[in-house]
Amino acid sequence: MTLKRFSSRLERLDKAFLAKSLDGATKYLRIAGYFRSSIFELVGEQISKIPEVKILCNSELDHADFAVATGRETALKERWNENDVEAQALLQKDRYQKLDALLKSGNVEIRVVPKERLFLHGKAGSIHYPDGRRVSFIGSVNESKSAFSSNYELVWQDDEPESADWVESEFWALWEDGIPLPKTIIDEISRVANRREISISALKPLDIPAAAMAEAPIYRGGEQLQPWQRSFVTLFLKHRELYGKARLLLADEVGVGKTLSMATSALVSALLDDGPILILTPSTLTIQWQVELNDKLGIPSAVWSSGQKVWLGVEGHPLSPKGHPESIKSCPYQIAIVSTGLVMHQRDGDFFIKEAGYLVNPRKKYGTIIVDEAHKARVKGGLGKDSATPNNLLTFIEMIGKKTKHMILGTATPIQTKVRELWDLLTALNSGCGFILGDTDSPWRNWEVSVPLVTGKADVHELSKAWEYLRHALPPEGEHGITDQIRADLNIPSKDFFSCLNFQDLDDYYMIREMHLPECLGSKFFRDNNPVIRHVVLRKRTQLEDMGLLERVAVEVHPLAPKNHLYNARFVDLGLLTNPPFEAAYQAAEDFCSLLRQRTKSAGFMKSLMLQRICSSFESGRKTAEQMLKHAMGVDPDSEEDTDQADHILAEMTPAEIECLEQIITQLSRPTAKDPKLDTITFFLKEFRTDGKTWLEHGCIVFSQYYDTASWVARRLAEVFPDQVIAVYAGAGKSGLFKGNQFAHVERESIKKAVKNREIKLLIATDAACEGLNLQTLGTLINIDLPWNPSRLEQRLGRIKRFGQSRRSVDMLNLVYHETQDQKIYRTLSSRLKDTFDIFGSLPDTIEDEWIESEELLKERIDQYIHEREDAENAFTVKYRDTVSPDANKWEKCSEVLSRRDIDEIMRKGW
């Protein structure tokens, strides 16, 4: 038995110990330290010749992160990328290259383990030799050349077989707990080893997304654009090349991630110097867009504040002088975000005025226009002579379409109840280009005759009609052999999509008239070659799940009416039992709404506002009544309400209306006005169990429409759980952390990171802040109030029902008060939430005020809506012809990248 002791104080360990010990070795087993330093600092020159090397290292990840591969790989890559890649790639280039070669050699295998097995001190190894000898060692030294050569380290080496057995038994026990180093880390090492910065001019357009995105925050954080998102960006670029102008309608279902698809396309357009970018979106989504662009893509953008008449940066700071509406013409950045509400309200006769007028008459053309929630651009509908007249937003899009190169319309519901709604959007896309639906004489403009062709329910049987459909929107080169032949015979340039020849003019073109056109008859030709197929992109969640691109996560909805005993009899039917103060306050709220109805035509709007807020929480109801008495609702960026209209109505309140509001305040201020929602949330967090755990142990997000409710719930839960850190995730400047009676303002990004790292298990959030939240570390969701917008429920659920969710079935609790409008609505919706995998289906985006006069009317109208939607979708189904390959466009592997500084400089150029 020989014991050897080494101290770096007395000798260099890389020479005295490591080089000698590894010389001629056949196997090397090593319990190392933190995975990044252990892997990155692998001593290539010593171990490259050893046939079998196994390194075990610590990842500092929670065991739950290891339960799902996607979450594990995301977390590990985020940890790996904590260092500045630009500096690393330059200063450590040779090490990356040696490590890349080492990992590709095949003789080195690395595993990482969860943080329950931290290797901060217990480092050891075993070395095998050809003659059967084994040497084991333990000590403080890390698996790195610098540790052996520079640091102060101690090593104890032993050649006794029993010592080697002991070390190896520890090694193999831990090895079983580990998982192989993810390929994403190996790919990142290889990418950085070969990384070089290049200029945009050196890239082809199709190569720009990879070069721009490989080191964007989303990719550095271990995430990525999903295959269908990448395919959309690629399609955008292909259309840009094919048509010279990309015009696309992105109609992916809710929760599939349209924002990133459109935002990345905008980034690429800007880098290609196509021109300024204008994003039109509902006011409640403007900040979400700005945050998504900053947090995911790492690019600045400016939001126009309609109230202050100023451009605002990502932290809400002004970028232009306040109070100057003409400043909207000169956005200080490439990307401008403007509320569609501005467009809806700034029209006088045939002209747009004020800021909208400046936008529609720019000094130079736009590069890209993006319209989010584009289904709000529609004809006015209803009865009367104006029913088919485009509303202001649709008119604006058609006008601005003539002044932009590219246009993307985004909506999850291009068809509400009528197929013509889709045609309205296609007509808007067609503005300023003509290659989608053709000119005013094109038969494609008539949706009633075109839809049967597109759906395959009808065919063209006359040569003259076939020619009219072809010549008014001639397919691009490469779409079909027949149309390619026609283009060649007529010598039509690739960038032209119209022929001026009438059918009788084809007498001089025998091949077209007698050979090519007949092949378009009765063959479903126009079902497979039409403007909708070319310019509408629709991916359904079920389709992506079937392809294995989205995980199927079931949803258990609570309360279950037949099982009220599970909840200690808290519910009557689906509603929470309340108390006399609330019942009196709610009656006063209904009386207030009735009085308003007698006075103003806008009573429906006020009824929705009043009843939704009092049904959110006692706190929200009381504060709303107090604000109404002051005749100033104010602007709540965490809600979707247009309070300007409310302030106008409140300015003329009658004494009877005032008395109702005072009654609400009095009743909800009584000591006996205990809100049952708080007690129920506490019960589910502390006592109710699913899969053997409480909801707090699973991790929970509590959603509300209103900041008043969210803030109140957070404060009270902080009292109930004094040792628990509780996060509030809300609008700008309102986010923070509670612990007991202490509160600290914290940026939303810090909260997201803490939830991701499982440092926070209880999050209270508002709807307006929920976009871009990836909360798959939380397994339960509580809706403290019910938005009268069923699609909002799905967006809430989409925060936890996503890639990386370790639970195969998540839980959702919906809270409503007994015998209120909310209970009527929820009772009607709940019968339609039966499919645990796809619980929402085709519910309406908004529940109109007139629908809730009675529960029977509500059921009838929702059923009618679903029937109309299904009829429309059965009559017309968008087919997305390109396959979405998970292995296509692997941008994260791109080693030729654009400098982040260069990208930022381009995006900060003003209009």
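Guide: Helix α17 (residues 392-400) and helix α18 (residues 420-430) pack with their axes 7 Å apart and at an angle of about 30°, where axes are lines fitted to C-alpha atoms, for helices over the stretch in contact, and angles run from 0 to 180 degrees between N-to-C directions. That angle makes α17 roughly parallel to α18, given that angles under 35 degrees count as roughly parallel, over 145 as roughly antiparallel, 65 to 115 as roughly perpendicular and the rest as oblique. On the α17 side the contact (heavy atoms within 4.5 Å) is made by Leu 394, Ile 397 and Glu 398, and on the α18 side by Asp 424, Thr 427 and Ala 428. These residues divide into 3 nonpolar, 1 polar and 2 charged, with Ala, Val, Leu, Ile, Met, Phe, Trp, Tyr, Cys and Pro counted as nonpolar, Asp, Glu, Lys and Arg as charged, and the others, Gly among them, as polar. An α-helix has 3.6 residues a turn, so residues three or four places apart point the same way.

The model is a predicted one, in which local features need pLDDT of at least 70 and side-chain atom pairs count only at pLDDT 80 or more, while totals for chains, interfaces and linings use all residues. Residues are numbered from 1 along each chain as its sequence is written, and side-chain values use heavy atoms, with hydrogens and water left out.

A second pair is formed by helix α28 (residues 618-629) and helix α33 (residues 707-720), which pack at an angle of about 135° with their axes 8 Å apart. That makes α28 oblique to α33. Glu 619, Ser 620 and Lys 623 of α28 meet Asp 708, Thr 709, Trp 712 and Arg 715 of α33, and by class this contact has 1 nonpolar, 2 polar and 4 charged residues.

Helix α31 (residues 676-686) is largely enclosed by the rest of the structure, because 9 of its 11 residues are buried, that is, under 20% relative accessible area, with exposed meaning over 50% and partly exposed in between (1.4 Å probe, protein chains only). Among the buried residues are Lys 677, Phe 683 and Phe 684. The N-terminal end of α31 is capped by Asp 675, which has a side-chain oxygen 3.0 Å from the backbone nitrogen of Lys 677.

Ser 320, in the loop between β13 (310-312) and β14 (335-339), counts as buried at 14% relative accessibility. A polar atom of the Ser 320 side chain lies 3.0 Å from the backbone nitrogen of Trp 311.

How values were computed
Helix = DSSP H or I, 4+ residues; strand = E, 2+ residues; numbered from the N terminus. Polar contact = N/O pair within 3.5 Å; in protein donor to acceptor, adjacent residues only side chain to side chain.
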